[in-house]
Amino acid sequence: MSFLQVKNVGKSYGQVKVLKDISIDIEKGEFICLLGPSGCGKSTLLRIIAGLEDKHGGKIIINDKDMTNSPPESRNFGIVFQSYALFPNMNVYKNIAFGLENKNISKSNIDKKVKEVLEVVELSGYEKKYPSQLSGGQQQRVSIARSLIYRPAILLADEPTGNLDRKNSEEIVDLLNLSNKRFNQTILLITHDEKIALEANRIVTMEDGVIVSEKVVKK
Ligand code: ADP
Ligand code: MG
């Protein structure tokens, strides 16, 4: 049994079918990429997996349990977007620690967790910087650190390199790879960029709302 099963998922907006009978199985610890041109339905599928789209066909099964109608927070997934969505009035430390501070976790434990994820995204020493003082690539790394700190069951990354140049894009994918290896972090990366996709373990290619091919890149 796979950790996440996307089963025969379909979605229409009005008369337009944007997803048609999509099925994907994702294993724990896998780094999988969903590749396809703009408008083919990638973000819609990600939102369905995350629980952010209520009306759709098919099922989302997590750990053998039907979660199709369960709210996003019950799925324990992390999401990273193209826009970094950081809080501009909070420094790097606060941006990352924010969600943990109401969770009855000791300050020293939060410190330890923040330190660890900052190391993974290679931003140790940046704790007191504000988003406006960081480059786009650095802001995206903070955004990824903010998700990783929860050890989400899956990290869903929707075009995280969409606003970045080649060098920064490669750095972002490198650190996704690193967190995949270091924490056995399961990752679903979405991109339209074939070069970026090659960094994943498996590439699922979509066109026009359907899966057209699947390829294992490396084991
Ligand atoms: P991708 O992420 O691959 O670029 P999307 O999943 O964002 O594609 O969009 C797939 C298709 O669904 C597009 O044709 C888009 O215009 C349409 N679409 C997405 N969201 C909505 C919406 N809320 N209402 C109507 N159409 C939408
Ligand atoms: Mg999209």
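**Entry 1: overall layout.** I counted 6 helices and 10 strands in the chain. I note here that this is a predicted model. Next I checked the overall dimensions. The C-alpha trace spans about 50 × 40 × 35 Å along its principal axes. I then looked up the radius of gyration, which is 17 Å; a compact globule of 219 residues would have a value near 17 Å, so the two agree.

**Entry 2: burial and surface.** I asked what share of the 219 residues is buried. The figure is 52%. The accessible surface of the chain comes to about 10900 Å². Carbon and sulfur atoms account for 48% of that surface. I also looked at contacts between residues at least 6 apart in sequence: 69% of them join residues at least 24 apart.

**Entry 3: charges.** I found 31 positive and 27 negative side chains. The centres of the two sets lie 4 Å apart.

**Entry 4: the largest nonpolar core.** I turned to the largest nonpolar core, which holds 38 residues. Which of its members touch the most others? They are Ile96, Val114, Ile144 and Leu189. I listed the elements that give two or more residues to this core: β3 (31-35), α2 (92-97), α3 (107-120), α4 (136-148), β7 (154-158), α5 (166-182), β8 (187-191) and α6 (194-197). Helix α3 gives the most, with 5 residues.

I followed up Val114. I set aside its neighbours within four places in sequence. Val114 is then in contact with Tyr93, Ile96, Ala97 and Ile149. Another core lies apart from the largest one. This other core has 28 residues, among them Phe3, Leu4, Cys40 and Ile62.

**Entry 5: helix α1.** Is α1, residues 42-50, mostly covered or mostly open? I found it mostly covered, with 7 of its 9 residues buried. The buried ones are Lys42, Thr44, Leu45, Leu46, Ile48, Ile49 and Ala50. Gly51 follows α1, and the phi of Gly51 is positive, near 90 degrees.

Entry 6: I looked up Arg151 in the loop between α4 and β7. Its phi is positive, near 50 degrees, and the residue is not a glycine. Arg151 counts as partly exposed because its relative accessibility is 36%.

I then went to Glu159, in the loop between β7 and α5. The phi of Glu159 is also positive, near 50 degrees. Is Glu159 buried or exposed? Its relative accessibility is 10%, and buried means under 20%, so Glu159 counts as buried.

Technical notes. Residues are numbered from 1 along each chain as its sequence is written. Chains are lettered from A and ligands numbered from 1 in the order in which they are written. This is a predicted model: local features need pLDDT of at least 70, side-chain atom pairs count only at pLDDT 80 or more; totals for chains, interfaces and linings use all residues. Side-chain values use heavy atoms; hydrogens and water are left out. A nonpolar core is a set of buried Ala, Val, Leu, Ile, Met, Phe, Trp, Tyr and Cys residues joined through side-chain atoms within 4.5 Å. Buried means under 20% relative accessible area, exposed over 50%, partly exposed in between (1.4 Å probe, protein chains only). Helices (H or I, at least four residues) and strands (E, at least two) are DSSP runs, numbered from the N terminus. Contact means heavy atoms within 4.5 Å. The radius of gyration is taken over C-alpha atoms; the globule rule is 2.2 Å times the number of residues to the power 0.38. Accessible areas come from the Shrake-Rupley method with a 1.4 Å probe; for residues, only the protein chains shown count as cover. Lys and Arg count as positive and Asp and Glu as negative; His and the chain ends are not counted. The place of a charge is taken as NZ of Lys, CZ of Arg, CG of Asp or CD of Glu.
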